[in-house]
Protein chains: 2
Amino acid sequence: MSRTVEVTELVLRDAHQSLMATRMTMEDMVPACEDIDKAGFWSVECWGGATYDSCIRFLNEDPWERLRTFRKLMPNSRLQMLLRGQNLLGYRHYEDSVVDRFVDKSAENGMDVFRVFDALNDPRNLKRSMEAVKRTGKWAEGTICYTTSPLHTVEKFVELAQRLKDMGSASICIKDMAALLRPEPAYEIVRGIKEKCGEDTLVHVHVHSTTGVTLVSLMKAIEAGADIVDTAISSLSLGPGHNPTEALIEMLKGTGYETKLDKGRLLKIKEHFAKVRPRYAEFESKIYGVETEIFDSQIPGGMISNMESQLRQQGAGDRLKEVLAEVPRVRKDAGYPPLVTPSSQIVGTQAVFNVLMGEYKALTGEFADLMLGYYGETIAERAPEVIAAAEKHAKKSPITCRPADLLKPEWEVLDKAAKALPGDNGSPEDTLTYAMFPQVAPKFFAHREEGPKDPCKSPASAAAKAASPGAKGVDGAGSITGPVTYDVQIGDKMHKVTVQPA
Amino acid sequence: MSRTVEVTELVLRDAHQSLMATRMTMEDMVPACEDIDKAGFWSVECWGGATYDSCIRFLNEDPWERLRTFRKLMPNSRLQMLLRGQNLLGYRHYEDSVVDRFVDKSAENGMDVFRVFDALNDPRNLKRSMEAVKRTGKWAEGTICYTTSPLHTVEKFVELAQRLKDMGSASICIKDMAALLRPEPAYEIVRGIKEKCGEDTLVHVHVHSTTGVTLVSLMKAIEAGADIVDTAISSLSLGPGHNPTEALIEMLKGTGYETKLDKGRLLKIKEHFAKVRPRYAEFESKIYGVETEIFDSQIPGGMISNMESQLRQQGAGDRLKEVLAEVPRVRKDAGYPPLVTPSSQIVGTQAVFNVLMGEYKALTGEFADLMLGYYGETIAERAPEVIAAAEKHAKKSPITCRPADLLKPEWEVLDKAAKALPGDNGSPEDTLTYAMFPQVAPKFFAHREEGPKDPCKSPASAAAKAASPGAKGVDGAGSITGPVTYDVQIGDKMHKVTVQPA
């Protein structure tokens with residue numbers, strides 16, 4: 001008797017987010033939906049922060065319309081989304097009534113499974129959205145962001161799982177966004193959860209393939225009792241993406257585990273995306289094959305390229321090694337947050353500042369907030385002297401409460417502002433779009449009528465950006481000579497900081 | 001206490017053979033040799049049939065000089081080669097004295113480990129070369145070609161391992177050239193060998209990564225007791241190549257197994273080949289990512305592209321599906337040979353003939369020889385009616401003896417013919433080059449003085465070939481109208497066959 005392992009297919013969300021900058025258009029997904037719907041997946045991940053953002057920023061597609069189309073084309077499937085807890089799909093904490101409305105509307109438009117996570121693994125940041133999901137009768141999946149540090153022991157992860165279960169998680173997800181989950185801890189954590197939270201606790205494992213070891217980790221997680229695993233169809237797999245769905249099936253043959261997937265359908269899905277992929281060549285990740293250095297550096301590939309471009313803008317492209325060495329120190333001072341949006345950008349940018357200006361001579365507002373507790377609790381204590389610097393910089397006190405408790409009701413304000421925008425269609429969905437992407441929504445509303453745009457026909461402006469002249473205060477040789485003004489984008493928000501050499 | 005797993009690095013032979021048509025020049029390998037030599041590998045695979053062939057056919061490098069250079073640059077390493085048993089590095093059986101001389105000269109020039117295999121897994125075809133290796137005091141590794149069929153049970157593979165051990169194998173290699181070895185049989189076969197042949201029997205596992213599952217198979221093989229595994233540095237890994245060396249190390253962390261490899265050295269090797277690889281873009285395999293269809297079709301990717309080009313030459317490019325369905329039937333009639341050089345080409349070409357002309361209406365000489373036992377014994381009985389057809393076609397009788405027993409001493413003849421060629425340097429090594437590649441050696445000898453050629457500067461003539469006009473006997477619409485003459489290349493030999501429609 002074989003045990004069935006269930007599978008979540010990632011091709012419609014995380015696969016193209018990881019491999020082609022989230023650019024895939026609905027037009028390129030529609031032809032595969034029937035086969036995906038009938039292939040036997042436990043769920044189909046198809047929505048999240050980056051796809052929503054890309055829809056309105058690059059593709060001129062309404063993300064809600066995309067969701068409704070998936071619902072219509074995949075009537076037999078659980079649709080799944082990734083939700084950043086109290087951040088929803090944006091980059092700041094939202095007040096609880098906005099959280100409730102977002103979840104209600106998502107459920108109403110067809111979402112079934114909500115994978116809820118918080119960048120700091122602070123359960124208080126997941127609580128409200130989990131409750132909202134449960135109220136709609138949909139599936140609330142509490143999530144553990146996997147990372148490594150002296151504090152991140154198997155016991156700590158298992159404890160967190162228990163807290164998520166106590167909050168009513170229908171399943172527990174182990175989310176390994178940086179492909180750091182080796183086979184041995186994969187086994188230990190899944191086994192630990194099963195033993196502590198009960199063998200009937202559903203464990204769902206999400207891994208990326210960047211480091212090349214994580215299909216083995218899935219094998220070990222399954223041996224330890226994992227119930228559901230995430231993969232992507234082979235033609236949109238590997239590299240910074242995920243393990244191939246077909247390889248999972250073949251790996252399990254004869255082991256006492258099996259999937260319920262239909263290989264004929266998978267072949268059709270594979271062939272479809274193999275045909276589609278070359279259209280997006282200009283957006284393809286530059287990481288091919290395998291990068292194992294991240295096990296030592298703790299720094300995901302995407303974060304390195306961000307920091308490189310920040311350094312180049314300051315004429316300091318040669319100081320990357322110093323920054324790479326600085327990141328683990330900053331992460332330690334900040335209480336060992338997992339490095340995932342937005343904490344990876346916050347820590348990375350601060351490391352750049354420390355190298356260029358001296359340790360904590362200049363702080364971004366976001367880093368100060370992180371140090372002061374405005375993103376939530378961290379696993380380790382944060383460095384007191386850096387907290388003091390943050391207090392001085394941000395002119396506010398540290399907090400220990402749930403960050404969203406400090407927010408005033410904001411739905412009415414957001415709703416009014418959204419409805420005032422030309423092209424807003426008066427729906428709560430449009431208000432949510434505005435709430436989450438206030439800088440992008442106005443342009444999207446104004447041009448929505450023009451219909452979907454093909455990103456492959458408008459060459460990226462990246463090249464032009466890369467060639468932009470050095471910032472003021474930087475001389476021709478790339479040395480910093482006076483006060484420098486930085487434009488730092490964290491998530492959706494541009495951040496202007498002027499600092500002097502230490 | 002961790003158990004040490006030893007590692008063979010493939011980058012200098014099988015990695016570039018699998019990923020870039022064996023084109024890597026010595027010039028691009030030399031800078032990495034010191035790091036490879038000091039990284040802590042059990043052995044460094046660096047020589048074999050395809051690299052030898054490519055040296056004299058494309059690179060104008062003397063393969064013996066290449067071997068001597070490796071020997072000089074890697075004084076601390078075991079150098080390893082792949083030897084096709086009685087075929088040596090060529091495509092036919094050689095008489096025993098040629099086998100002896102080849103092994104002697106390879107040992108003398110610096111080879112340490114001889115991995116000896118036979119395409120049919122007939123131990124009689126390995127015996128002479130294994131004996132020759134042992135006489136030189138070098139390491140003789142008897143090899144099992146892994147394949148799947150109703151006859152290829154774990155018990156059969158273990159039995160074969162025992163025979164190889166009885167023949168004096170210092171270690172047993174499981175060679176999975178088509179990435180068909182799933183985790184479960186990997187475990188069972190290694191465990192079976194350890195239990196039957198003794199726990200101290202060294203087991204060496206070679207897998208390709210084409211199907212995406214074989215790093216998991218290595219994990220399982222290691223759990224079952226495998227002593228040495230083959231990998232390639234990450235920047236020349238994956239796809240139809242091999243699992244990344246660095247991923248193996250990381251996978252094992254915490255599992256109770258560890259390698260002795262130096263990660264600092266590996267990073268330098270990785271960076272070197274990452275820099276070198278783009279030079280060979282025109283030779284890159286078109287398979288990227290993962291292909292799992294081979295588990296069902298049994299047909300390696302390279303074999304499919306061969307058959308496709310044969311079909312196109314006959315104006316029958318649309319009949320590939322019929323040929324793919326025919327291959328397993330032909331393989332069954334031929335006694336389920338593993339599909340590896342040269343059996344994959346022989347079976348594939350016969351399948352093309354069967355589809356175009358009717359079942360066994362036309363036979364290649366090689367297929368007739370295979371049916372009549374001239375390549376050795378197969379695991380299953382061969383189809384009697386096809387043996388009868390082969391007897392008629394080839395006008396010779398089936399044999400059951402070791403094929404090489406029928407050969408007359410040939411060293412003197414080969415030596416004389418080689419020495420008569422302009423540019424032959426009078427060495428036994430040159431005679432061996434001529435013996436193995438009689439059609440390529442004359443040109444190589446004549447031009448050797450000109451020194452190494454950079455293959456990346458002479459665009460491949462593949463495009464021109466693909467555009468060649470259809471064969472005589474094929475009308476404009478691609479239908480076969482009369483007798484057709486086929487030029488079929490099997491290994492080094494061109495084969496002309498004229499057949500009529502059935």
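Helix 5 (residues 96-108) of chain A has 13 residues, which at 1.5 Å a residue should span 18 Å, and the 18 Å between its end C-alpha atoms agrees with this. The expected span is taken as 1.5 Å times one less than the number of residues, and helices (H or I, at least four residues) and strands (E, at least two) are DSSP runs numbered from the N terminus. The model is a predicted one, in which local features need pLDDT of at least 70, side-chain atom pairs count only at pLDDT 80 or more, and totals for chains, interfaces and linings use all residues. Residues are numbered from 1 along each chain as its sequence is written, chains are lettered from A and ligands numbered from 1 in the order in which they are written, and side-chain values use heavy atoms, with hydrogens and water left out.

Several residues of helix 5 of chain A are buried, among them Val98(A), Val99(A), Phe102(A) and Val103(A); buried means under 20% relative accessible area, exposed over 50% and partly exposed in between (1.4 Å probe, protein chains only). After this helix comes Gly110(A), with a positive phi near 125°.

Next comes strand 5 (residues 113-116) of chain A. In a regular strand, side chains alternate between the two faces of the sheet. Here both faces are covered, with Val113(A) and Arg115(A) buried on one side and Phe114(A) and Val116(A) buried on the other. Strand 5 of chain A pairs in the parallel sense with strand 4 (residues 79-83) of chain A over four bridges, where pairing requires at least two DSSP bridges between the strands. Phe114(A) in strand 5 of chain A has Met81(A) opposite. The path from strand 4 of chain A through helix 5 of chain A to strand 5 of chain A is a right-handed β-α-β crossover, that is, clockwise from the first strand over the helix to the second with the strands pointing away from the viewer.

In chain B, strand 6 (residues 139-145) has six of its seven residues buried. Five bridges link this strand to strand 7 (residues 171-176) of chain B, and the two run parallel; Gly142(B) has Ile172(B) as its bridge partner in strand 7 of chain B.

Finally, the two chains can be compared. The same surface serves both copies, as 100% of the contact residues of chain B recur in chain A, with contact meaning heavy atoms within 4.5 Å.
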